[in-house]
Amino acid sequence: SLGMSTLARIDFNNAVQMKPDLAEAYHFLGIHHTLMQQYEKAYEFFDSALELNEQHQYAYLNRGIALYYGERPYLATQDFKTFVANSTKEPFPILWQYLAQSNVDKTQALVDLKANAQGVDEGVWGYQIIALFLGEIGETEFLASIAQGVQSEPEYTRRLCEAYFYLAKVYQAKGELNHAAEYFRLALATNVHEYIEYKYARL
């Protein structure tokens, strides 16, 4: 959470040496190797986490992200589908499934996004991002929605991190890479180190 990734990785490595059956440590090491773009190593760590605990749902989610950035979108989509099928309709895994699936079949990805969105509470912040990808709201309306219902400055900053990251992904999909880069930089400027949107804005 403080952004000290090297020290974190050292501690996680120590953890698996001290307790080789600690699935969560393998899971976090998988995330760290994804961020270092060492994808094969990341897959190994996520596989180890799931071998130790096949119910570790977030290992499916984060292995899916590793596969997405490792340019294996079909396999990534399968992991995201596994997570979404067993989750309580969280909006962000649904978005990641859409991002990966769009690289396989854009038409089906949109169909599945609409279907998965049906189970998401429209009152939660994350639904606004889904609505943006579905074309139900525009960028101006989306940006205006960020502050709605916010109770504190840290909560607002976390929302900004998410909003900027997914806006960047929208522009990236359109091939407008300069706009995408601007929003990725804005996501990084929030310094919300623990959020996956901050972490993967660097990639």
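Me: A nonpolar core is a set of buried Ala, Val, Leu, Ile, Met, Phe, Trp, Tyr and Cys residues joined through side-chain atoms within 4.5 Å. In this predicted model, which residues of the largest nonpolar core touch the most other members?
Reply: The model is predicted, and its largest nonpolar core holds 52 residues. Helix α10, residues 153-174, gives the largest share of this core, namely nine residues. The members that touch the most others are Trp96, Phe133 and Phe165.

Me: How many degrees lie between the ring planes of tyrosine 68 and tryptophan 96?
Reply: A pair of aromatic rings is described by the distance of the centres and the angle of the planes. Tyrosine 68 and tryptophan 96 have ring centres 5.7 Å apart, and the pair is edge-to-face. Tyrosine 68 belongs to helix α4 and tryptophan 96 to helix α6, so this pair ties together parts that are 28 residues apart in sequence. Planes over 60 degrees apart count as edge-to-face, and the angle for this pair is 85 degrees.

Me: How many residues apart in sequence are the parts tied together by tryptophan 96 and tyrosine 200?
Reply: Tryptophan 96 and tyrosine 200 form an edge-to-face aromatic pair, with 6.2 Å from centre to centre and 75 degrees between the planes. Tryptophan 96 is buried at 0% relative accessibility, and tyrosine 200 is buried with a relative accessible area of 1%. Because tryptophan 96 lies in helix α6 and tyrosine 200 in helix α12 (residues 196-201), the parts tied together are apart in sequence by 104 residues.

Me: Which residues do salt bridges with shared partners join into one network?
Reply: Side chains of opposite charge can pair when their charged atoms come close. Aspartate 47 and arginine 63 meet in a salt bridge at 2.7 Å, N to O, and arginine 63 also meets aspartate 79 at 2.6 Å, N to O. Arginine 63 lies in helix α4 and aspartate 79 in helix α5, so this second pair ties together parts that are 16 residues apart in sequence. Through shared partners, the network joins Asp47, Arg63 and Asp79.

Me: Where in the chain do arginine 72 and glutamate 40 lie?
Reply: The side chains of arginine 72 and glutamate 40 meet in a salt bridge of 2.7 Å, N to O, one of six in the structure. This pair links distant parts of the chain, 32 residues apart. Arginine 72 lies in the loop between α4 (57-69) and α5 (73-86), and glutamate 40 lies in helix α3, residues 39-52.

Me: Is glutamine 101 buried or exposed?
Reply: Glutamine 101 lies in helix α6, residues 91-102. Leaving aside neighbours within four places in sequence, glutamine 101 is in contact with Thr77, Lys81, Lys106, Gln108, Ala109 and Asp112. Because the relative accessibility of glutamine 101 is 6%, this residue counts as buried.

Note on methods:
Residues are numbered from 1 along each chain as its sequence is written. This is a predicted model: local features need pLDDT of at least 70, side-chain atom pairs count only at pLDDT 80 or more; totals for chains, interfaces and linings use all residues. Side-chain values use heavy atoms; hydrogens and water are left out. Buried means under 20% relative accessible area, exposed over 50%, partly exposed in between (1.4 Å probe, protein chains only). Helices (H or I, at least four residues) and strands (E, at least two) are DSSP runs, numbered from the N terminus. A salt bridge is a side-chain nitrogen of Lys or Arg within 4 Å of a carboxyl oxygen of Asp or Glu. Contact means heavy atoms within 4.5 Å. Rings of Phe, Tyr and Trp (its six-membered ring) pair if their centres lie within 6.5 Å; planes under 30 degrees apart count as stacked, over 60 as edge-to-face and the rest as tilted.
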